[in-house]
Amino acid sequence: MERFAFLGRFARNRGALAGALVILGVAMAAILAPLFFPTDPLRIVAQPELWPGEDPAYPLGTDSLGRDMLAMLVHGARATLLIGLFASAVATTIGVGVGAIAGYFGGWVDEISMRSSELFQTIPNLIFVLTIVVILGSTLQNIVIAIGIVSWTPIARLTRAEFLALRDREFVQACRSMGMGDLGIILGEILPNALPPVIVLSSLVVAGAILFESAVSFLGLGDPNVASWGRLVGDGRELIRSSWYICAIPGVAIMVTVLCLNLVGDGLNDALNPKLRDR
Amino acid sequence: MQRKDPLAGPRASRPAHAHEAGLEARGPVRLPLEVTDLSTTLFTRRGEMKAVEGLSLAVGAGETVALVGESGCGKSMSALSIMRLLPEPPARIVGGSVRLNGRDIVPLPEEAMLDIRGKEIGMIFQDPMSSLNPVATVDKQISEVLMAHTGLGRFQARARAHELLEQVGMPDAGRRLDAYPHQLSGGMCQRVMIAMAIACSPSVLIADEPTTALDVTVQAQVLTLLKSLQAEQGMAMIFITHDLGVVAETADRVVVMYAGRKVEEAMVDDLFEAPLHPYTAGLIGATPVPGAARAERLADIPGMVPPLNALPAGCAFAPRCPRVMDRCRIERPALTEPAPGRRVACFATGTDTA
């Protein structure tokens, strides 16, 4: 009953519903990519720079080397979405961990963790990501870790704020009066109450992570074995004045996906935020 | 900690002061709760505030002691001190002992307290709606307490939670197990809180204004429930309230607090019949009496409780007291025992010689 109520509130936001459907479509394409295009998408299959629609076998055309744009786009969705999800998971894990401990215990623990999070915030994000990737090496995991390390601070601050507000609430006091320990209270009592806004922010971090990865790949620092959307844009940039579609198609895919993720984030906020709920 | 045998200690054999009336016949009993000279201080930037000072209190099994006073007089701080649930910093117990079933819990480490809270001593809070976790079901919240303190598994705990809900008179208990707090009324929430507090049959129950947030009919139900549970399990109960009507209905003995100190202690009937301390008299005078003439104005106590960091040198109540004497402003009256089981800290009424 509760679950359906949640879906109902989410679906009331039309934009969020549309966004969720598009993301679902992209995710399906990513999952089913090997079914549609069983061969390696990076294989040269036709003559280079076929414009979209020129050859019905390659509806989105081919790139400068003669690779199928559609196959690369569908396979690229896998890499792009996975990077977004995992980077967001890394950022959320670090952020919730640090924020929960800082907010619950307060005092010098709070002081130290918040000052160090500020240290992270002072470094320009993209440069920070690039530095980490260059130091660790351009593999998919390292890019995910680098984006996670850069994106955890807002999540930590939000979690801390929620914990600060919740830790003095009466039900926490009541739990303490029943003999529950700190860990039990943090994980079992406060965290479930603090999660809704954090989930919203995490969904937005997915979108941010996709953009970061695109930037990294565009600059040629991406994983050379993975055809993510950012890399497709980067590959096409030399031909941008003649065959601009090579950049534009993956670029539009990034834009639409990020937009839809933001819409989903908004919808989650509407659905999860108790203040906006009309009981 | 250092004591070898709590029973052999000098304090344990001494019958609790002010307790003769109820328990003398049973001889030297190990009382469920015996608070001696408890002092709690708040260390703040604006100075030290003595939130509780020299509080002594003993509660026997099956007995209800009401802790009465205005807001800010140290009732809740006393309760939190006894539970060792003070916000530290700024608050800290600076002296005295809290003996729970004979064992002093003041020096115990926090880990040991985790085991004691909820098992030997339970607490019910003022606002039942906000005392329950809004995102957990009733079953989960009760089971958590049970599983923490007993060896029960998940399913046994659920069965026991069901029993407890029935015991606290929850209508349709089986269905309410899976309810969330916002689906319950205030009275039902308080029943859940009570079920959680008594889940492990604690020997002491502290009820911090358990009925203040409820409407009057529900209040009566909750009071009746608490009384009957207490009779069943023989719990010692501390009842914190500022509602003298509730005191008259539930308490055996009353402790009146003012500015962190005990100013009067008496059996409930004696207190209402002849309050000794002017503050107690003021509180009783400020309570509406049904059937009194309509035109009659309720008496009030002028002024406010003084801030704890600016207590007057003498009696803390002196600035508001109708019977104030010169001596009250200079010297602080000590507790005296004008009659057995009756204590008062006032120069004007006590047979004070100190």
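1. Two strands are taken here as paired if DSSP finds at least two bridges between them. On that basis, strand E1 (residues 33-44) of chain B pairs with E2(B) in the antiparallel sense, over nine bridges. Within this pairing, Thr40(B) has Val52(B) in E2(B) as its bridge partner.

2. The model is predicted, and its confidence should be read first. It scores ipTM 0.75 and pTM 0.78. Chain B has a mean pLDDT of 82, with 88% of its residues reaching 70 or more. Residues 1-27 of chain B have pLDDT below 50, and this stretch makes 34 contacts in the model beyond near neighbours in sequence.

3. Chain B contains 14 helices and 12 strands. Of its 354 residues, 43% are buried. Among contacts in chain B between residues at least 6 apart in sequence, 62% join residues at least 24 apart.

4. One sheet of chain B is an open, antiparallel arrangement of four strands in the order E2-E1-E4-E5. Its edges are strand E2 (47-59) and strand E5 (103-104) of chain B, each of which pairs on one side only. H3(B) packs on this sheet and touches E1, E2 and strand E4 (91-100) of chain B; the direction of H3(B) makes about 70 degrees with that of E2(B).

5. Another sheet of chain B is also open, with eight strands in the order E6-E7-E8-E3-E9-E10-E12-E11 and mixed pairing. Strand E6 (121-124) and E11 of chain B are the edge strands, each pairing on one side only. From one strand to the next, the twist averages 25 degrees.

6. Strand E7 (residues 204-208) and strand E8 (residues 236-241) of chain B run parallel and are joined by five bridges; here Asp208(B) stands opposite Ile240(B) in E8(B). By contrast, strand E11 (residues 336-339) and strand E12 (residues 342-344) of chain B pair in the antiparallel sense over two bridges, with Val344(B) in E12(B) as the bridge partner of Thr336(B). E11(B) and E12(B) form a hairpin with two residues between them, and Gly341(B) in the turn has a positive phi of about 80 degrees.

7. Which strands does helix H3 (residues 75-83) of chain B lie across? They are strand E3 (64-68), E6, E7, E8 and strand E9 (253-258) of chain B, and the helix runs at about 150 degrees to E7(B). H3(B) also packs on the four-stranded sheet.

8. The largest nonpolar core has 170 residues, of which Val68(B), Met193(B), Ala195(B) and Ile206(B) touch the most other members. Helix H3 (residues 69-105) of chain A gives the most to this core, with 17 residues. Not counting residues up to four places away in sequence, Ala195(B) touches Ile142(B), Leu164(B), Leu165(B) and Val168(B). In soluble globular proteins, nonpolar side chains tend to be buried together.

9. At the interface, 22 residues of chain B are in contact with 14 residues of chain A. On the chain B side, the elements giving two or more residues are helix H4 (110-116), helix H5 (128-131), helix H6 (138-149) and helix H9 (186-197) of chain B. The chain B residues that touch chain A comprise 13 nonpolar, five polar and four charged.

Key. Residues are numbered from 1 along each chain as its sequence is written. Chains are lettered from A and ligands numbered from 1 in the order in which they are written. A residue is buried if 20 or more other C-beta atoms lie within 10 Å of its own, exposed if 12 or fewer, and partly exposed in between; C-beta atoms are placed from the backbone. Two residues are in contact if their C-beta atoms, placed from the backbone, lie within 7 Å. Ala, Val, Leu, Ile, Met, Phe, Trp, Tyr, Cys and Pro count as nonpolar, Asp, Glu, Lys and Arg as charged, and the others, Gly among them, as polar. Axes are lines fitted to C-alpha atoms, for helices over the stretch in contact, and angles run from 0 to 180 degrees between N-to-C directions. pLDDT is the predictor's confidence in each residue, from 0 to 100. A nonpolar core is a set of buried Ala, Val, Leu, Ile, Met, Phe, Trp, Tyr and Cys residues joined through C-beta atoms within 7 Å.
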